[in-house]
There are 2 protein chains.
Amino acid sequence: MIEPALYLLPTTIGESDMDRAIPRANRDVMVQIKHFIVENVRTARRFLKRVDKSIDIDALTFTELNKHTAPEDIAAGLVPLRAGEPVGVISEAGCPAIADPGADVVAIAQQAGLRVIPLVGPSSIVLSLMASGFNGQSFAFNGYLPVERDERAKAIRRFERKVYDEDQTQIFIETPYRNNRIVDDFIAVCRPTTRLCVAADITGADEYIKTKTMRQWKSGRTELSKVPCIFLIYK
Amino acid sequence: MIEPALYLLPTTIGESDMDRAIPRANRDVMVQIKHFIVENVRTARRFLKRVDKSIDIDALTFTELNKHTAPEDIAAGLVPLRAGEPVGVISEAGCPAIADPGADVVAIAQQAGLRVIPLVGPSSIVLSLMASGFNGQSFAFNGYLPVERDERAKAIRRFERKVYDEDQTQIFIETPYRNNRIVDDFIAVCRPTTRLCVAADITGADEYIKTKTMRQWKSGRTELSKVPCIFLIYK
């Protein structure tokens, strides 16, 4: 039997195989958990069914935690853990609590002195950084760039300065329909010699991870709309 | 058969079980690779033997890449890949090219237009961030703090400012024999309400991940010498 704790359970990214993304031991943990905190109940149920067909999904309880959850309701999912039962956190894709609302419930668990156990799984941030060839001794993940044009250019300029002044790789995510635009914006704003790594469909069948200078990207960038992408810049 | 590419192959951290840290599909990739770029030949051989006892280690070629490698020798490990054979990169612990010399050979591969494929594995940076409860939408990994006393205090102050000014989680690593000192330094320099997460022996049998305010740590910190640790601060 697993010990009572808040287990952070990574899921696959995109359509990748379970055995490509998730260590086997995660499964042994997941089948023993009856209470889950999830970003979306429907996709969490589907994921658990893929983990092990024999899981009786209807015997499980799910507490939703997403941007619509009121702050006073965040702790609700921890009630079983306070009573001594393990609870699992599942996000929409990849590692919970990295760029998703799971961090709020983890903070409450830490504050209450409850044990938190993170399991290994795919992080598109780490996988893209590994494959970029950029500085992995110093890097920052900055989430989304501003949408408004001038703000966006200003932000790109500020982050590019950090590349040179602090020798720090800068990492971004974008909503898929703005992928082509972000590449165009980087090309327009950054020095021609600054390098951009585009990491698309990581762990998926169409995985594509390429590092080139802005000058090289300018003379031929790939069509990126609709694929989940991570963008990294470095000198 | 796997396609010719530079495969980035994560290893276990510390003494953790293979199935807790590494997805099964990694094994199917690793047993097909004959040429490896490694930080240390002895530990890489031992790791591959744990992956699959039937691997004929003596039939493999190993090229060392570490801080002693001359810049002009870094590309040597890519010779088999240029001839169409897959090459694997193995670091001492966790994900290659994150906080280790592997990034240099990845950069050369990217420049040459060679395909780079990162495989999923344990990243103590990501696992500790997940379990900290800190901001995962914006975070920076800063490697080691300066050793010299005044420089160190100055750096801690600068990074704490980033926590508040940029709402960014700050992540650090330290050599195990300085673990207790880094906690003392954070307590001495940071605001009493700033939170520190100590993540020790991640994925290991003695895993310990605790988030507390500096004030709380001051009234009782754990003995941390000799364990590999990650340190995170956030407001």
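Predicted model: local features only at pLDDT ≥ 70, side-chain atom pairs only at ≥ 80, totals over all residues.
**Exercise 1.** At roughly what angle do the axes of helix α7 (residues 149-166) of chain A and helix α8 (residues 179-189) of chain A cross?

*Solution.* Residues are numbered from 1 along each chain as written, with chains lettered from A and ligands numbered from 1 in the order written.

Step 1: check confidence. Chain A has a mean pLDDT of 93, and 100% of its residues reach 70 or more.

Step 2: take the axes, lines fitted to C-alpha atoms over the stretch in contact, with angles from 0 to 180 degrees between N-to-C directions. They come within 10 Å and cross at roughly 65°.

Step 3: look at who touches whom, contact being C-beta atoms, placed from the backbone, within 7 Å. Arg152(A), Ala153(A), Ile156(A) and Arg157(A) in α7(A) meet Asp185(A), Phe186(A) and Val189(A) in α8(A).

**Exercise 2.** Work out which strands pair with strand β7 (residues 169-174) of chain B.

*Solution.* Step 1: pairing takes at least two DSSP bridges. Strand β6 (residues 139-141) of chain B runs parallel to β7(B) over 3 bridges, with Ala140(B) partnered by Gln170(B).

Terms used. Helix = DSSP H or I, 4+ residues; strand = E, 2+ residues; numbered from the N terminus. pLDDT = per-residue confidence, 0-100. Contact = placed C-beta atoms within 7 Å.
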